[in-house]
Amino acid sequence: MGLIFRIAWRNIFRHKGKTLVIGFILFLGSLVLTVGNGIITGLNEGLQKNVVEGFSGDVILAADKQINESVLASMSGQTLESITAYPTLKPKLLALPYIQKILPVVVGYVWVLNESGQPVDHYLLGVNFNAYRNFYGENLAVLEGSYPDAGQQGVLLSSTIRERIYDFSGFWAIPKGQALNTHHLSPAARQDGDKLRLSQQLVFLGLSQKNASLDIPSEVLGVFKFKELNKLLGFYSLLDIESLRECVGYFNAETKKVAPTTAQSKLLEAEAGTLEESFDFDTGATLSGGKPLSKELFTVQKTVSKTPAANWEDGTFNAIMVKLKPGYSPKEAVKELTAFFKSERIPLKAIRWSQAIGMLGQMALIMKGALLVFVSFIFFVAVIIIMNTLSIAAMERITEIGMMRAVGAPRAFVSNMFVAETGILAAFFGGLGILAGSLLVRLLAMLHLSTQNEILQIFYGGDTFQPRLDLVDLLLCAILLCFVTFLAVLYPVSVARKITPLDAMSRD
Amino acid sequence: MSLIELKDISKEYPLGNTSVRALRGVSMVIEKGAFMSIVGPSGSGKTTLLNLMGCVDQPTAGTLLVDGQDVSKLNDKDLTRLRLYKIGFIFQSFNLIPVLSVLENVEFPLLLMHSGKPSEIRERAKTMLRHVQMESHMQHRPSELSGGQRQRVAIARALVTQPQLVLADEPTANLDSETGNAILSLMQRLNEEQGTTFIFSTHDPEVLKYARNIVKIRDGLLIT
Ligand SMILES: Nc1ncnc2c1ncn2[C@@H]1O[C@H](COP(=O)(O)OP(=O)(O)OP(=O)(O)O)[C@@H](O)[C@H]1O
Ligand SMILES: [Mg+2]
C-alpha cells in the first residue's frame, strides 16, 4: 500500500494541471454540497422551530375518523371531525411522559361575508385566548387593538387576511374603538383615501359537517401578524372558541349540556335539516347572492351564544395541539401516541406537524427537492469532468502503466493507484471545500438576511436566513464526496486496467 | 529440462486491412541455464519473439510452453504472476516509472512480490545497482539520467528478483563497450552461479562473444 500511495502522491505533483482541474472541481462540488446542506438543515430547523413553536405544536391530535391529515390546511374546506369528551382525555394525555402541554382548538374554514363584494375564504382557529397565549407565548405581534382576554368574544384578525378582505370586499377592518392606523394600510387601500370603507365587525359563514351553515357576526378585537413566517401562516386568524363552535355547527360548552332538553336545540336540528335540503353546496351558489339564511335559525343561535360557557373545555373540539418535552421527536411521539390510543381505545389519531400543515410542508419538501436536484446536478457535472480528466490521464500514462504491468504489477495495482490518487485529491480538495462551505454557512448565518417574500421564507424556514450545519451534515457531505469520487474513478480505472504491456511498447 | 518450448509459432500484427507476419512458424526448445543470443537484421522478428517468450504477448498460432505451462491457457492474473516471479524483462525501449527514484524503480518488483522486510529489499536493490555501477545515482529520477544509465537501471530491475529467465532486447545497445562488458560478465556470473537462463537479441558482435548458443532469424523464420 505504501508503494501505491507514494506513486499516487508523486503523480499528483507531477501532473499539476490535472491536479488543479480535478481539485478545483472537487472543491467547488463540496462547497456547493456543504452550503446546500446547510441551507436545507437551516430550512428544516427554521420551519420546525417557527411552525412548531408558533403555529402548530409538534403533534396534532384529530378524531380517528378524520381522513385528511393536513388538518391545519385542508383544501377541501370541510370541517374536521369533532373530538368530544376532552375533559376525560386531558388528564390521560398530560400523564404521558413525553407530552409537555396541550391545547384543544377548533379549526374552521369560513367565508367572510359582505353585502357588496365577493366573500373571502379564511381559516380560523377557535381558541381560548388565554390558553392559546399560555401555549404559544408571544408568537404574535398585535399591531392594532389588544390581545383579547379569556372571556372576550370576537376575532383577532390576521393582517394578511385584512388585506385580502379589502382586495375582495372593499372594506378595511379595524378593531372596535380604535382609530384608523394609516401606517398599516395596504397600498391599494391607501389609494382610497377618505372614501375608504371601514368596518369593526366581520360576518363569518361557517360550513358544518352536515353542510349546514351559520353566519356569525364577530367584533374585531385586534389585528396581528405572526412574528415568524407571517407570509405563510397569516392565512389564519384567531376567533374565540365559542363563536367558532357556533359558526361550524358544534354545540358550544354551555348548550351542549342543555341541548338535549331544550326545545331550542330541536328547532335548531330541524332547521339544519331543511337547510341541508335547500342548499346546493357543490356549486357554492348560495354563497354569492343565494337564498338568505333562515331567520329563526339565526335567532336561536344568537340566543345560545349569548350564554357564556361555564367551562370552555367541556365543549366540542376538532384538534388538540401537543407540545413535546425537549428531546422527543414528533416522529417518535406519533408512534407512541398511536399505540397509546389503540390500547386505550381512545378515538384519536396523532399527526406530525409537518403533515398537518399540508401545503406548507409540501412546499418545504419541494424546496428541499429543488436544492437536492441542484446539488445533484453540480455533482453530476463534477463526476463527468473528473471522469474525463482521469481517463485522459490514463491514456497519457499508457507507457508507464504498460511497463508496470510487464514487470508484474497486477491489474488491481493499477486500479488502486488511480483510486489512491483521486482519493488523496478528494480528501484534500473536497475537505477544503467542506471546510470553506461550513465557513460560508456560518458567515451567511451571521448576516441575518431577512425576507418578506413567501417563497424565500420557506427557503429560509423563517423570516431570517439561518443556514446551519451539524456534525451529521458534515459527515453526510463527506460520505457523498466519497461516493462521487468513487463514481468518477470507475470509468478511468476500467480504462487503465485494460492497458497491456504491449500497448506500452507499440507506443514508441 | 526445457524452460521454453516453441512449436510452430506464428505471430501476425494487424495492419489496416492486411496483416504483418512477424513470425512464420518458429519452433525451438530452450533449456534451463541457457545463455543464448538471437541475431538478425532489423525487422526480422527478434522483439516479437522475446515478447512471446516473456508472456507480454500471445502467439497467433502454435503452442508456447513456459516452464511447462501452455501460456494460451493462462489468464491475465496467472500471466502477471509468471512475469513477476519467473521472468525478468529488459526492454528495447527501457521504461522506468518516472515518479520513482532509481532505487525505488529497482525495488518496485520486490515490493510487488512482498519479498522480505523493507530494509532487506532496499539492500538487495542497492547491491544490484552497485553491480550495474549506478549506486551513485540512486536518488535520481529517470528523467535525470542518460539513455545508457536508464538502460542499466532497467537491467538492475530485471535482475533484482533473481528470476529463472531473463529476456533482454538489445541490452547493450546504448552502452559503451566497457560498461557493456561489465554487465555481460555480471549476467554470465549469474548464469553460472545461479543457473539463470539468459536470452538476448542483439546486433552487437561483442555480445555474441559471451553467448553459448546463437539463433539466427530472418523475415520471421529461424535459419539453421
Ligand atoms: N505492433 C506492431 N504492429 C504491426 N507490426 C509490427 C508491430 N511490431 C512489430 N511489427 C512488425 O513485425 C516485424 C518484426 O518486428 P520486430 O520488432 O520483432 O523486429 P526486430 O527484429 O525486433 O527489429 P529491430 O532489430 O529493429 O528491433 C516488423 O516487420 C515490424 O514492422
Ligand atoms: Mg526489436
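Reply:

**Around ligand 1**

A backbone N or O atom of B:Gly43 sits 2.8 Å from an oxygen atom of ligand 1. The model is a predicted one, and the distances given here are computed from it. B:Ser44 also approaches the ligand through its backbone: one of its polar backbone atoms is 3.2 Å from an oxygen atom of ligand 1. With B:Glu170 the side chain is involved instead, and a polar side-chain atom of that residue lies 3.4 Å from an oxygen atom of the ligand.

How much of ligand 1 does the protein bury? Taken alone, the ligand exposes 630 Å², and the protein buries 68% of that. Two elements of chain B, strand E2 (18–31) and helix H1 (46–53), each give two or more residues to the shell around the ligand. The largest share, 3 residues, comes from H1(B).

In total, 14 residues surround ligand 1. The closest are B:Ser42, B:Gly43, B:Lys46, B:Thr47 and B:Thr48. Sorted by class, the shell holds 8 polar, 4 nonpolar and 2 charged residues.

**Where chain B meets chain A**

Chain B also touches chain A, with 24 residues of chain B in contact with 22 residues of chain A. The size of an interface is often given as the accessible area lost when the parts come together. Here chain B and chain A bury about 2,200 Å² between them, and 67% of this is on carbon and sulfur atoms.

Side chains of opposite charge can pair when their charged atoms come close. Between chain B and chain A there are 4 salt bridges. One of them joins B:Asp76 to A:Arg405, with the closest N and O atoms 2.8 Å apart.

Helix H2 (76–86) and helix H3 (102–113) of chain B each supply at least two residues to the side that touches chain A. H3(B) gives the most, with 6 residues. By class, this side of chain B has 12 nonpolar, 7 charged and 5 polar residues.

**Elsewhere in the chains**

Over all chains, the structure holds 26 salt bridges. One lies within chain A, between A:Arg468 and A:Glu45, where the closest N and O atoms are 2.9 Å apart. This pair links distant parts of the chain, as the two residues are 423 residues apart. A:Arg468 is in the loop between helix H17 (454–460) and helix H18 (471–497), while A:Glu45 is in helix H2 (residues 16–56) of chain A.

Two loops have a backbone detail to look at. Most residues other than glycine have a negative phi. A:His448 has a positive phi, near 50°, and is placed in the loop between helix H16 (411–447) and H17 of chain A. B:Asp219 has a positive phi of about 50° although it is not a glycine, and this residue lies in the loop between strand E9 (213–218) and strand E10 (221–223) of chain B.

Note on methods:
Residues are numbered from 1 along each chain as its sequence is written. Chains are lettered from A and ligands numbered from 1 in the order in which they are written. This is a predicted model: local features need pLDDT of at least 70, side-chain atom pairs count only at pLDDT 80 or more; totals for chains, interfaces and linings use all residues. Side-chain values use heavy atoms; hydrogens and water are left out. Contact means heavy atoms within 4.5 Å. Buried area is the accessible area (1.4 Å probe) that two parts lose on being put together, summed over both. A salt bridge is a side-chain nitrogen of Lys or Arg within 4 Å of a carboxyl oxygen of Asp or Glu. Helices (H or I, at least four residues) and strands (E, at least two) are DSSP runs, numbered from the N terminus. Ala, Val, Leu, Ile, Met, Phe, Trp, Tyr, Cys and Pro count as nonpolar, Asp, Glu, Lys and Arg as charged, and the others, Gly among them, as polar. A residue is near a molecule or strand if one of its heavy atoms lies within 4 Å of it. A polar contact is a pair of N or O atoms within 3.5 Å; within protein, one must be able to donate a hydrogen and the other to accept it, and residues adjacent in sequence count only if both atoms are side-chain atoms. Accessible areas come from the Shrake-Rupley method with a 1.4 Å probe; for residues, only the protein chains shown count as cover.
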